[in-house]
Amino acid sequence: METVAYKCLNCGGPMQYNAKKLKFYCEYCRSDFTEEELKANFGELDENLDKNEAVSEDVQPQDVPEGFEDFASNTVMYSCESCGAEIIADKTTAATFCVYCHNPVVISNRLTGAFKPAKVIPFMISEEDAQQRFFDFCRKKHFLPKDFISGAQLENMRGVYYPYWMVDSLKDGNLYATAKQIRTWEAGDERFTETKTFKVMRAGKIDFRDYPYPALTGEHSKALKYVNPYDDKDFKKFTMAYLSGFLAEKRDTERKDVQADVDKELKEYSEKIYKDTIKGYDSVHVDSVSVKTLKENWQYAMMPVWMMNFNYNGKDYLYAMNGQTGKNYGELPIDMGKLAIFGVLLFVIITVLCGLGGYFLL
Ligand SMILES: [Zn+2]
Ligand SMILES: [Zn+2]
């Protein structure tokens, strides 16, 4: 297993991508470099790595102790380029930190050949900024337990590059609907209702660009869907150097595994687009939709997410934030005590209001 470390041009220290400066930064001598400056020194950053077309992941630790077979089949060992320590990583980990010297480690052969992403959106929101946004998010939750937000929680915040499929799809389709206009009026003692029924048809091409779909299965994929969408203006050609200083996961799905889901979502999306153009009726009922794909292109991309997993009173919670736009999603604990007080207050207010109402009605 190969790892790669990006060394500072001044002092040789490990470099990380810095979301505040939008540059590569050395914490040791505090110098920073642009991607162009790195390229001027190292050449195309991933050039040598691209030659590893075949990706084999069949290295297994020998002599697995009893009871650890499952652990062994889901983990692989790497050695840190800075201190030489052995690092254990999950099967889908593509970038991590050395637990001993805390230097960034990029596991290069996880992202080569068929697993090389085409593009990446680098982190645009720094860690401090992400923490501040988390505070603001919590402040709006009135029933959050008081002791919930602490420094210890914030230490759980991790910047992770997640694998996505980016789908460009040109659709051609049509929608048939029955729409109604209803008019009522009164004349003398009679009440009249007139219903006009229309057959409505919409047809046209829809060009979807960079439709994001998570390329990783498991518990985090739900959160990934909530932090969509990303803005395609910040896409960069992928280089592993962006992963330095963050965690990264490689994809564990193939296009064929998720094609049906993407087709279904884009069909629903198309239906909504056609339907939203039908205006001026009192009701619209969709009779049929047909959408076919004229052209489709899938690319593999890495997208930034600030992720926080935490345990509160024995239950697991998850918070995720789009590392480019700041859009967030969170499952947070609720203080049942506070909720009960609120319930009682509401009851008292309603009772008082009813009492007053009763008084005035007398
Ligand atoms: Zn340096
Ligand atoms: Zn190390």
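Predicted model: local features only at pLDDT ≥ 70, side-chain atom pairs only at ≥ 80, totals over all residues.
1. By class, the lining of the largest pocket divides into 19 nonpolar, nine polar and eight charged residues.

2. Most residues other than glycine have a negative phi. His102 sits in the loop between S6 and S7, and its relative accessible area is 54%, so it counts as exposed.

3. Now to the zinc ion (ligand 1). Its protein donors are the SG atoms of Cys8, Cys11, Cys26 and Cys29, lying 2.3 Å from the metal. The angles among these four donor atoms run from 102 to 114°, and the site is tetrahedral. Along the chain, the donor residues are spaced C-x2-C-x14-C-x2-C. Within this set, Cys8 belongs to the segment before strand S1 (15-18) and Cys26 to strand S2 (residues 23-26), a pair that links distant parts of the chain, 18 residues apart. Both Cys8 and Cys26 are buried; for Cys26 the reason is a relative accessibility of 0%.

4. The zinc ion (ligand 2) has its own set of cysteines. Here the donors are the SG atoms of Cys80, Cys83, Cys98 and Cys101, at 2.3 to 2.4 Å from the ion. The arrangement is tetrahedral because the four donor atoms subtend angles of 106 to 114° around the metal. The spacing of these donors along the chain reads C-x2-C-x14-C-x2-C. Cys80 is in the loop between strand S4 (75-79) and strand S5 (86-90), while Cys98 is in the loop between strand S6 (93-97) and strand S7 (104-106), so this pair ties together parts 18 residues apart in sequence. Cys80 and Cys98 are both buried.

5. A word on the cysteines in general. The structure holds zero disulfides. Cys138 is also worth checking: its relative accessible area is 3%, so it is buried.

6. What about enclosed space? A search of the whole structure finds one cavity of 30 Å³ or more, and the largest cavity has a volume of about 80 Å³. Among the 14 residues lining the largest cavity, Val4, Ala5, Tyr6, Pro104 and Val105 are the closest to its centre. S7 provides the largest share of this lining, with three residues. Sorted by class, the cavity lining has nine nonpolar, four polar and one charged residues.

7. Two backbone details remain for a careful look. Leu22, in the loop between S1 and S2, has a positive phi of about 55° although it is not a glycine. With a relative accessibility of 44%, Leu22 counts as partly exposed. Elsewhere, the peptide bond from Asn228 to Pro229 is cis, with omega near 0°. Most peptide bonds are trans. You will find Pro229 in the loop between helix H6 (220-227) and strand S11 (236-237).

Methods: Residues numbered from 1 in each chain as written. Chains lettered and ligands numbered in written order. Heavy atoms only, no water. Donors = N, O, S within 2.8 Å, 3.2 Å for Na, K, Ca; no water. Tetrahedral: all angles 85-135°; square planar, octahedral: opposite > 155°, others 65-115°. Helix = DSSP H or I, 4+ residues; strand = E, 2+ residues; numbered from the N terminus. Buried < 20%, exposed > 50% of the residue type's maximum accessible area, 1.4 Å probe, protein only. 1 Å grid on protein atoms, 1.4 Å probe; cavity = no way out; pocket = protein on both sides within 12 Å on 5 of 7 lines; lining within 4 Å. Points joined across faces, edges and corners; volume = space filled by probe spheres on them. Nonpolar A, V, L, I, M, F, W, Y, C, P; charged D, E, K, R; others polar. Disulfide = S-S within 2.5 Å.
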